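Open the model in your viewer and keep the sequence panel at hand. The tour goes stop by stop.

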Amino acid sequence: VAVTDGDKVEAEMKFGFSVNTYGIGDLVAVINAIPEDAIQNLLKVYEETYEMAADLKAGGARHQSVYDAAKIELGLRKFLEDGGFKGFSDTFEDLHGMIQLPGIAAQRLMADGYGFAGEGDWKTAALVRACKVMGAGLAGGNAFMEDYTYHFDPSNSMVLGSHMLEVDASLASGKASLEVHPLGIGGKADPARLVFNVAGGDALNASLIDMGNRFRLLVNEVTAVEVENDLPNLPVARVLWKPLPDMKTGCAAWIYAGGAHHTAYSQNLTTEHLLDFANIAGLEYVNIGSDTKINQFRNELHWNEVFYK
């Protein structure tokens with residue numbers, strides 16, 4: 001997907017990180033070598049940490065799915081540790097040799113500080129990692145996010161943020177539930193994932209965009225809203241938010257600025273944090289907030305084009 005890619009050489013020059021590709025078989029070899037006692041220990045952690053249906057626990061009819069997920073998590077964690085990596089991305093189109101797409105594995109690794117984004121989106125994975133470093137020790141979390149769908153009620157418009165599996169539980173408003181459900185893409189076994197609602201409150205959505213001659217950091221201030229209804233047809237992590245200054249202006253500004261569908265979602269960083277990060281890294285910084293007026297915003301984008309030529 002074009003929006004998830006970019007100039008890896010320029011990124012290394014600008015940010016100092018390298019983006020390396022490994023065949024999925026390299027990871028599968030590590031997963032297959034994970035010892036049984038390590039898997040059993042992690043399964044105990046799952047049962048102690050999360051809500052789980054009885055048939056997912058040891059001896060249950062669907063326990064194998066959780067077992068496979070634990071083995072994948074341990075293998076992926078070892079692969080990252082052995083390589084000295086700080087973040088990663090995967091794609092549901094490249095899973096040869098894997099039983100299921102990493103769901104809970106990606107969620108738990110992100111919660112431990114790794115950057116992650118789906119569909120090969122290394123830019124957002126790097127941004128998530130940077131946000132986690134900036135937010136270390138602060139209440140709240142930072143995680144991979146996606147504009148999933150939109151609630152176009154004229155009197156109460158909102159964005160539903162989610163992803164097919166991988167939003168980490170550092171954002172959760174309560175105890176997460178470990179669940180197994182079918183996934184319509186990827187062609188693999190039903191993956192395990194953590195299901196939860198994200199807490200309400202002030203938050204930020206940030207997108208790192210390759211503009212060709214520069215990187216742009218686009219930030220939208222948002223207000224998350226507590227999820228009040230059951231969402232049985234969306235068994236993944238999910239959050240509702242209202243973009244500032246309003247749905248129409250916020251979405252229009254996001255599109256004009258080239259914002260992607262993948263973002264880093266932050267509960268504990270401020271626009272000052274991200275502006276400082278942009279200044280340190282030499283990025284163009286564009287903000288959408290309570291004072292944004294669309295005509296003025298478009299003028300700012302035009303002026304920036306001249307400045308960066």
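In which sense do E9 and strand E10 pair, and over how many bridges? Select residues 238-243 for E10: E9 and E10 pair in the antiparallel sense, over four bridges. Strands pair here if DSSP finds at least two bridges between them. Helices (H or I, at least four residues) and strands (E, at least two) are DSSP runs, numbered from the N terminus.

Before moving on, note that this is a predicted model, where local features need pLDDT of at least 70, side-chain atom pairs count only at pLDDT 80 or more, and totals for chains, interfaces and linings use all residues. Residues are numbered from 1 along each chain as its sequence is written, and side-chain values use heavy atoms, with hydrogens and water left out.

**Stop 1: strand E9**

Select residues 215-225. This is E9, and eight of its eleven residues are buried. Buried means under 20% relative accessible area, exposed over 50%, and partly exposed in between (1.4 Å probe, protein chains only). Pick Thr223: its bridge partner in E10 is Lys242.

Ten bridges join E8 to E9, and the two run antiparallel. Leu208 stands opposite Leu217 in E9. Four residues lie between the strands of this hairpin, and Gly212 takes a positive phi there, near 95°.

E12 runs parallel to E9, joined by five bridges. Asn220 has Ile288 as its bridge partner in E12.

**Stop 2: the three-stranded sheet**

Show E1, E6 and E7. They form an open sheet in the order E1-E6-E7, with mixed pairing. Axes are lines fitted to C-alpha atoms, for helices over the stretch in contact, and angles run from 0 to 180 degrees between N-to-C directions.

E1 pairs with strand E6 (residues 177-180) in the parallel sense, over two bridges. Click Glu51: its bridge partner in E6 is Ser177. Helix H5 (residues 104-111) lies across E6 and E7, at about 50° to E7.

**Stop 3**

Select Ala172, in the loop between strand E5 (158-162) and E6. Ala172 is partly exposed, at 23% relative accessible area. Leaving aside neighbours within four places in sequence, Ala172 is in contact with Phe196, Asn197 and Ala199.

**Stop 3: aromatic rings**

Rings of Phe, Tyr and Trp (its six-membered ring) pair if their centres lie within 6.5 Å; planes under 30 degrees apart count as stacked, over 60 as edge-to-face and the rest as tilted. The count comes to twelve aromatic pairs. Select Phe17 and Trp122: their centres are 6.3 Å apart and their planes at 70°, so the pair is edge-to-face. Phe17 sits in the loop between helix H1 (8-15) and helix H2 (24-32), Trp122 in helix H6 (residues 122-134), 105 residues apart. Phe17 is partly exposed at 23%, whereas Trp122 is buried at 9%.

Terms used:
Contact means heavy atoms within 4.5 Å.
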